[in-house]
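Hi everyone, thanks for coming. Could you bring the structure up on your screens, so that we can walk through it together?

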Amino acid sequence: MGYFGNSQVGKFITIYPDQSAVTETLELLYYYFHDDVGIRVGSDISYKQGLNVYYRYGTLLDDVENIDKRDKKLKPSSNVEKIYDYRLERYNSLPTRLKAIKQNGPSGVLLALDLQTKLKVIIRYADKYYNIESAGIDERDRLISASSLLEKDFVRNSSFFETVVDAFYVNDVFFVVTEYASGYNLDELAKNGQLGLYSLSERLEIFRNVLRGIYVLNDNLIIFRDLSFSNVILCPNHTIKIIDFGYAISLSGLSSFAGLTLNSAGTYGFFDPEMTIGKKQLDLYSLGKFLYYIVFPQSYLNYTSKINSDSTYWQIKEYVSDSEQYQLPERIAELYRLLIKGEKIQETDLNYLIQHFQ
């Protein structure tokens, strides 16, 4: 009611979590009350722009005599866990430095120009409840998670992934801005016939770089979950960028979605939703399928050309099965079998094959 000052208005329960579990506590509360509507607490920060979970550092500050004016100038003590949401700016409109050029996908993706740097960027955005799954996780949750994963030091320091330029809220919509990776994704290259023009050695080298990137994630307990031709860009210098972390999950921390059971995710042809397989094996299975299609791009085209908006799941499954009619070379077939079983392969084996097929 505000009897004890404005900072009390709208509050019902106040929790003082252990400093090592601040984010985990916020995540659990956020998803538990995900669909409920509460009273806005004007003095605190709304977690993920939700309507019932708010936070502030309060007496966890080094100097308790200071007052947190919510201007982010008052820094918390060094042993307080950093909250990703706390670093994000809140706007009422898209910053004027970003100028949209065109829609770059079916929805939620824009090609834009950063007027400050004069560079092209990709803007992804998502609102609450869009593309929601049975556990209550929606597209905005996934995009916030993707942005937090891309901000991790080991991801930023790797050349295999897109780089986050900025992330912020506009009212309740979440935006993430990434560098524009020039080039074409492998789906485009396959469909216009360009991928098949590369030698087998060159295509295996592309696969080796994809494998390296996925191993970087897996070794750091991140499962990508949606490896496909559409999510790999081949850049002009033949390097690759793995993009679209929307379905990636971390086995700990922010993007574990508070331990909720997630829907199966992936692109048809690169995963099997009926397959019982451990989390750490999901990406290896997808790598196996990726290897097959990089060797036989025509097989990829055989099933993707048949899929349309009216295709049933069983029809798609049949298209995929029928498309894999070509026999892999013996040594490549062995690597394929290992990956499909969820076992890692050695990069040295790929190096041998790349040299062998030159």
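**A walk through the model**

Let's begin with Phe-207, which touches Leu-287, Phe-290, Leu-291, Ile-294, Leu-339, Ile-345 and Leu-350, leaving out residues up to four places away in sequence. Please keep in mind that this is a predicted model.

Phe-207 belongs to the largest nonpolar core, which has 84 residues. Which of its members touch the most other members? They are Leu-186, Phe-207, Phe-229, Leu-287, Phe-290, Leu-291 and Ile-294. Apart from that core lies another, of 10 residues, and Leu-98, Val-170, Val-173 and Val-177 are among them.

Now for the sheet. In what order do its 6 strands run? The order is S3-S7-S8-S6-S5-S4, in an open sheet with mixed pairing. Strands S3 (89–91) and S4 (98–103) stand at the edges, and each has a single partner strand, so one side of each has no neighbour in the sheet. On average, neighbouring strands here are turned by 35° against each other, ignoring direction.

Let's look at some of these strands one by one. S7, residues 164–170, pairs with S8, residues 173–179, in the antiparallel sense over 6 bridges. Find Val-170, and you will see Val-173 of S8 standing opposite.

The side chain of Asp-166 is joined to that of Arg-97 by a polar contact of 2.2 Å. Not counting residues up to four places away in sequence, Asp-166 touches Arg-97, Phe-175, Val-176 and Val-177. Helix H2, residues 139–150, lies across S6 (119–126), S7 and S8, and runs at about 35° to S8.

Next comes S5, residues 109–114. Why can we call this strand largely enclosed by the rest of the structure? Because 5 of its 6 residues are buried. S5 pairs with S4 in the antiparallel sense over 5 bridges, and Gln-103 stands opposite Leu-110 of S5. S5 also pairs with S6, again antiparallel, over 6 bridges. Here Asp-114 stands opposite Leu-119 in S6. S5 and S6 form a hairpin with 4 residues between them, and Lys-118 in the turn has a positive phi of about 65°.

On to the rings. A pair of aromatic rings is described by the distance of the centres and the angle of the planes. How many aromatic pairs does a search of the whole structure find? The search gives 30. One of them is Tyr-31 with Phe-257, an edge-to-face pair at 6.2 Å centre to centre and 70° between the planes. This pair links distant parts of the chain, 226 residues apart: Tyr-31 is in helix H1 (residues 22–32), and Phe-257 is in the loop between S13 and H6. Are these two residues buried or exposed? Both Tyr-31 and Phe-257 are buried.

The rings of Phe-296 and Tyr-326 have centres 5.1 Å apart and planes at 40°, so this pair is tilted. Phe-296 counts as buried, at 17% relative accessibility, whereas Tyr-326 is partly exposed, with a relative accessible area of 33%. Phe-296 and Tyr-326 both belong to one aromatic cluster, whose members also include Phe-207, where we began.

Last stop: Thr-267, in the loop between strand S13 (249–250) and helix H6 (279–295). Thr-267 is partly exposed, at 28% relative accessibility. Neighbours within four places in sequence aside, Thr-267 is in contact with Asp-226 and Ser-228.

Definitions and conventions
Residues numbered from 1 in each chain as written. Predicted model: local features only at pLDDT ≥ 70, side-chain atom pairs only at ≥ 80, totals over all residues. Heavy atoms only, no water. Pairing = 2+ DSSP bridges. Helix = DSSP H or I, 4+ residues; strand = E, 2+ residues; numbered from the N terminus. Axes fitted to C-alpha atoms, helices over the stretch in contact; angles between N-to-C directions. Contact = heavy atoms within 4.5 Å. Core = buried A, V, L, I, M, F, W, Y, C linked by side-chain atoms within 4.5 Å. Buried < 20%, exposed > 50% of the residue type's maximum accessible area, 1.4 Å probe, protein only. Polar contact = N/O pair within 3.5 Å; in protein donor to acceptor, adjacent residues only side chain to side chain. Phe/Tyr/Trp six-rings, centres within 6.5 Å; stacked < 30°, edge-to-face > 60°.
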